[in-house]
Amino acid sequence: MPESSMTGKRILLGVCGSIAAYKACDITRSLRKIGAEVTVVVTSGGARFVSPLTFAALSAAKVYGGMFDEQDAHTIPHINLARDHDLILVAPATAQTIGRFASGMADDLLSAVVLAADCPIVVCPAMNSKMFSHPATQANLEKIATFGYQVVQPDSGPMACKEEGPGRLPELAVILNAVEQVFIPQDLAGKRILITAGPTEEPLDPVRFLSNRSSGKMGYALARAALLRGGEVVLVSGPCSLEAPANVEVIQVRTAQEMYDAVLCHFEAMDIIVKCAAVSDFRPAQYGLEKLKKDGADLLLELAVNPDILATLGERKKEQILVGFAAESENHLGEGKRKLAAKNLDMIVVNDIKGEATGFQSDTNRVTILTRKGAVKELALLSKDQTAMAIFDEVMVLGGGGA
Ligand code: C5P
């Protein structure tokens, strides 16, 4: 399995003359970091903002600019560039270039390549908010959408021209998601997916709490995978230091009770629920408003049992697909099967917390998936991103959930 769906993908990045052109440097680097090969085509305006030399260094490839560069004449660059790429990303795309695309003009290299291409095209407009909102620009964007080009909506906010409004180039993560989604089947489109991640913290006093070693990495990888497959994702996250994927609704919680409330509040509207969080089974029976003082004597801590969120969902579920996790240190499959039945789950993902390079803090995982239909699927040692993708593959085999 390739490390990422982007491994070896050939991306042509078109950079136009907007102040946001400097952000195309980061886009180039990030695309290469996730395994893509990048060829940059800079318009004459784009080259006024960022030197082609910068893109050549960042892409480690020749940068194309003029339509009639003599040294390239024998290669017919606009046709070969169109033919040789898996996707064209135009970021930033200016009003002028979008107008060229909409009217089928081919008077510079980028517009000629786009006209000659039959690969997917993703356009990220970036311009002054009045230029963006102008009916001409809006009509052009609608028109290129009818050609099948994907338009990534700009962000709103303060702009370099000291105005505020829509027109800012979206966050890097949003652009990368839009690119990655092109290469991933959108089999979760229209599905609402709730994922829980991370540990919970159960306070004893204002400074101390009970928790566990969950990093949240597996749950966040699941949220990212569901999003990349087109799902609408709600992530209920316990305290962890990870950045949530762009375009995911994140609900931050601290205790098991808060997680219970957040999950139950969203449960009915969901098609698929993946309970990856390492919920604390117990909480201190008493919470002290003041810091507990030591007085030389031992302290006996009384613990109260937390509600089992997953078991509650199992009792209440109707059409939803319910996926649980089980972190076990012995008799993995036996325990997994028992919990699958006891909590009325559709699937359980069992992992061996004693295994090498698996478990809490690691970037990799080795899990076995058990389903209510009796399937037992042992996955290899994979990155958590790959494991998340494989879990949703099995969810799709079970029917994907919902209508
Ligand atoms: O029974 P056990 O705690 O091993 O089950 C783990 C699964 O149950 C995980 O999916 C976890 O998110 C969920 N769980 C829960 N509420 C709890 C404890 C665990 O939802 N209080």
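Visitor: Which residue in β2 does R10 stand opposite?

Guide: This is a predicted model, in which local features need pLDDT of at least 70, side-chain atom pairs count only at pLDDT 80 or more, and totals for chains, interfaces and linings use all residues. Residues are numbered from 1 along each chain as its sequence is written, and side-chain values use heavy atoms, with hydrogens and water left out. Strand β1 (residues 10-15) runs parallel to β2 and is joined to it by 6 bridges. Within this pairing, the residue opposite R10 is E37.

Visitor: In what order do the 5 strands of the open sheet lie?

Guide: Strands are DSSP runs of E of at least two residues, helices are runs of H or I of at least four, and both are numbered from the N terminus. Two strands pair if DSSP finds at least two bridges between them. The pairing in this open sheet is parallel, and the order is β2-β1-β3-β4-β5. Because β2 (37-42) and β5 (150-151) each have a single partner strand, one side of each is left without a neighbour, and the strands at the edges are β2 and β5.

Visitor: What percentage of the 403 residues is buried?

Guide: The protein chain has 14 helices and 21 strands, and its C-alpha trace spans about 85 × 50 × 40 Å along the principal axes. A residue is called buried under 20% relative accessible area, exposed over 50%, and partly exposed in between (1.4 Å probe, protein chains only). By that criterion the buried share of the 403 residues is 50%.

Visitor: Is T387 buried or exposed?

Guide: T387 is in helix α14 (residues 384-398). Leaving aside neighbours within four places in sequence, T387 is in contact (heavy atoms within 4.5 Å) with M218, N365, V367, L379 and L382. With a relative accessible area of 1%, T387 is buried.

Visitor: How many salt bridges does the structure hold?

Guide: Side chains of opposite charge can pair when their charged atoms come close. The criterion for a salt bridge is a side-chain nitrogen of Lys or Arg within 4 Å of a carboxyl oxygen of Asp or Glu. The number of salt bridges in the structure is 18.

Visitor: How many residues apart are R192 and D271?

Guide: The side chains of R192 and D271 form a salt bridge, at 3.4 Å from N to O. R192 is in strand β8 (residues 192-197), whereas D271 is in the loop between α11 (256-267) and β13 (272-275). R192 is partly exposed at 32% relative accessibility, while D271 is buried at 7%. The pair links distant parts of the chain, and the separation is 79 residues.

Visitor: With which residue does the side chain of D393 meet in a salt bridge?

Guide: D393 belongs to helix α14, and the partner is in the loop between α10 (217-228) and β11 (232-237), 164 residues apart. D393 is partly exposed, at 36% relative accessibility. The N to O distance is 2.8 Å, and the partner is R229.

Visitor: Which parts does the pair of E328 and K339 tie together?

Guide: The closest N and O atoms of this salt bridge are 2.6 Å apart. E328 is buried, with a relative accessible area of 10%. Because E328 and K339 are 11 residues apart in sequence and lie in separate elements, the parts tied together are strand β16 (residues 321-328) and helix α13 (residues 332-342).
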